[in-house]
Amino acid sequence: MSAQLDVATRGTRSSTRIPFGTRMRSVGVWITAAIVILIVVIAMMVLTTDDEVDEPLHFDSTSRSGTKALVETLRAHGVEVTTTEDKKTARTAAARPDTTLLIPANTDALSAGDINGFEFTLRKHANRLALVDPGANVASFTDRITVNDNGSPLSTPDPVSQPDCSAPSARAAGTVTTGEMEYAETAKGTDGITACYPFAGPGVTEVDGAEVAPGSARGQFVTDTGGPVPLTVIGNPEWVTNEHIDEEGNAALALSTLSETDHLVVYYPQFDADEQPPPSLIDYVPRWFLAGALWLIPCTLVLLLVLGRRFGPLAVERLPAIVPAVETVHGRAALSSRSHDRAGALHTLRTAALLRIAKRLALSPDARMPDILDRIAATTGADPALLHHVFVSAPVRTDAELTDLVHQLTQIESEIP
């Protein structure tokens, strides 16, 4: 058997198909990657739901400016805390005995009628009111306390403030962080008002040439027990926020002030729809979509990197490319094997054998097949019917039949002188 026929024969026997398991493993990598990405996106959807609140001083906010830590700590210490954004619910809860109503923010969202309604309920049941840094809106709740418009003699107060008052909660808390707003009694010497944590500091009568009136009721923490409703003004919002409540004596001051009653109602007023600024396009996009979109950015970069390096760098090859004949034979054999084209492989082998035999018998390239077969029979003495069977009519249904015909072709060709 010639080398060319042996290569062709072995090519039809071997199988170069990629195993099913290998293909599944390759596909499985991408399926696994897609599942992992999907799980991560779903987890981010759950962790960043639209129900999460990040409004400043909100009782359900876990952000730095929220007050959830304060609310949960009070609950853990036995205070029954009711949190709500509904005005009616807040007023109903504030009607229980021994209750403090805390309004941490958005006091400007309340109308005069709303404030009068809350004060009537609190006064009727001898309950208390606490405000967190209401600013100039404190005038809507009482005419006995105002913002210290004169300011502090100190242009830059100390980062911490001392109590400088007789309030038990302030003296127990001690030093707290200094805020940006100071409150004072509207009229000097008003009975029932206690002011703590002044910017000027304890015992200071003159700063930078400016005289500080002795005994002046001004500070960042003001309580008024002489008005129709006992009122506490927590002038520094940092004392109750998640970020700063654990600094200095902030927690002690806030917790002791708000736990003086058995019940605490935290009411977070909301602005009416017509008072709120119109929503932007980004407000209509769910947060999980934004999180997923951000996660797709690194995934896309990794995918592009993988695809870009999958086939390796481009090879520089001089043209025209010369392909050795053996490579062509290997390639055609592999194609025939992959497609199970036994008939095509046999036709190629028959044609090649006839061309070589015709050349040995000095026949022209245009010689017809019957003429070549007749010359072979005359030269070798072979049966013409056998030659016609081997070179023309014999079918191939299996690899074994193909191998047998190849052997016969090789045998007949070897007998040609």
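The model is a predicted one. Its protein chain comes to 13 helices and 14 strands, and buried residues account for 37% of the 417 residues.

Seven strands make up an open sheet with mixed pairing, and the order runs β1-β14-β2-β3-β13-β12-β8. At the edges sit β1 and β8 (193–196), each of which pairs on one side only. On average, neighbouring strands here are turned by 15 degrees against each other, direction ignored. On one side of the sheet order, β1 (residues 80–84) pairs with β14 in the parallel sense over five bridges, with Glu 80 standing opposite His 263. β14 also runs parallel to β2 (residues 99–103), the two being joined by four bridges; in this pairing Leu 102 faces Val 266. Another four bridges join β2 to β3, again in parallel, and Ile 103 has Leu 131 of β3 as its bridge partner.

α7 lies across β2, β3, β12 (221–224), β13 (231–234) and β14, and runs at about 15 degrees to β12.

Nonpolar side chains tend to be buried together in soluble globular proteins. Here the largest nonpolar core has 30 residues, and the members touching the most others are Leu 70, Leu 74, Tyr 197, Leu 253 and Leu 264. At least two residues each come from α3 (68–76), β3 (128–132), α6 (168–173), α7 (250–258) and β14, with α7 giving the largest share, four residues. Leu 70 shows how such a residue is surrounded: leaving aside neighbours within four places in sequence, Leu 70 is in contact with Val 240, Ile 245, Ala 254, Leu 255 and Leu 258. There is also a second, separate core of 25 residues, whose members include Leu 131, Ala 195, Val 233 and Tyr 267.

As for aromatic rings, the structure holds three aromatic pairs. In one of them, the rings of Phe 118 and Tyr 267 have centres 5.3 Å apart and planes at 40 degrees, so this pair counts as tilted. The pair bridges distant parts of the chain, since Phe 118 belongs to helix α5 (residues 112–124) and Tyr 267 to β14, 149 residues apart. Both Phe 118 and Tyr 267 are buried. Elsewhere, Tyr 197, Phe 221 and Trp 239 come together as one aromatic cluster.

Finally, Leu 386 is found in helix α12 (residues 384–393). Its relative accessibility is 40%, so Leu 386 counts as partly exposed. Leu 386 and Gln 408 are 22 residues apart in sequence, and their C-alpha atoms are 9.8 Å apart in space.

Definitions and conventions. Residues are numbered from 1 along each chain as its sequence is written. This is a predicted model: local features need pLDDT of at least 70, side-chain atom pairs count only at pLDDT 80 or more; totals for chains, interfaces and linings use all residues. Side-chain values use heavy atoms; hydrogens and water are left out. Two strands pair if DSSP finds at least two bridges between them. A nonpolar core is a set of buried Ala, Val, Leu, Ile, Met, Phe, Trp, Tyr and Cys residues joined through side-chain atoms within 4.5 Å. Buried means under 20% relative accessible area, exposed over 50%, partly exposed in between (1.4 Å probe, protein chains only). Contact means heavy atoms within 4.5 Å. Rings of Phe, Tyr and Trp (its six-membered ring) pair if their centres lie within 6.5 Å; planes under 30 degrees apart count as stacked, over 60 as edge-to-face and the rest as tilted. Axes are lines fitted to C-alpha atoms, for helices over the stretch in contact, and angles run from 0 to 180 degrees between N-to-C directions.
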